[in-house]
Amino acid sequence: MITVYTDAAGEPHNIYGYCILETNEEKFIRSKFKLDSIEAEFLAIIEALNSNTVRNSKQIIIYSDSDSVIEFINRKLQPRKGTVVRLLTIQILNIIDNMEDKPCFIWIPRERNLAGMLIEDEVPKKINKNLLFRESLLR
């Protein structure tokens, strides 16, 4: 099983990414373009879904602290036509549809989001994930 945490910060930071608990893999991208927070959250999930680790895993849980994004994905909602959020939702649903093993998307509070801890100070910092209690993150 692979546990993925995604997070993002829109303007003025324009940064998004993910970390994978089991492999200590992390990737954060600073966009040169202005992103609002929901766009950045979607991009973080897209990056995670496109990672080799996620693509090659059988059981995948993806955590996000964005309630809206998780709801769009889980309910396969498509916002009104002509919006960036609609296009990002459709892109994620297409990626999932082409995956043999479908990930499970779960909302978690910000304070339990490992990616959020890494992104918190605008520039990601390396932290020792072994010091974190996995059980406390998942409660």
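1. How many residues lie between strand 2 and strand 3 in the hairpin that they form, and which residue in the turn has a positive phi? In this predicted model, the hairpin of strand 2 and strand 3 has four residues between its strands, and Asn24 in the turn has a positive phi of about 60°.

2. Strand 3, which spans residues 25-30, runs antiparallel to strand 2 and is joined to strand 2 by six bridges. Within this pairing, Arg30 of strand 3 is the residue that stands opposite Ile15.

3. Strand 2 also pairs with strand 1 (residues 2-9), in the antiparallel sense and over six bridges, and here Ile15 of strand 2 is the bridge partner of Ala9. These two strands form a hairpin as well, with five residues between them, and in that turn Asn14 has a positive phi of about 50°.

4. Strand 2 itself, residues 15-20, is largely enclosed by the rest of the structure, because six of its six residues are buried. In a regular strand the side chains alternate between the two faces of the sheet. Here Ile15, Gly17 and Cys19 point one way, while Tyr16, Tyr18 and Ile20 point the other way, and the residues of both sets are all buried.

5. Two cysteines deserve a separate remark. Cys19 has a relative accessible area of 0% and is therefore buried, whereas Cys104, with a relative accessible area of 38%, is partly exposed. A disulfide is a covalent bond between the sulfur atoms of two cysteines; the structure holds zero disulfides.

Technical notes
Residues numbered from 1 in each chain as written. Predicted model: local features only at pLDDT ≥ 70, side-chain atom pairs only at ≥ 80, totals over all residues. Heavy atoms only, no water. Disulfide = S-S within 2.5 Å. Buried < 20%, exposed > 50% of the residue type's maximum accessible area, 1.4 Å probe, protein only. Pairing = 2+ DSSP bridges.
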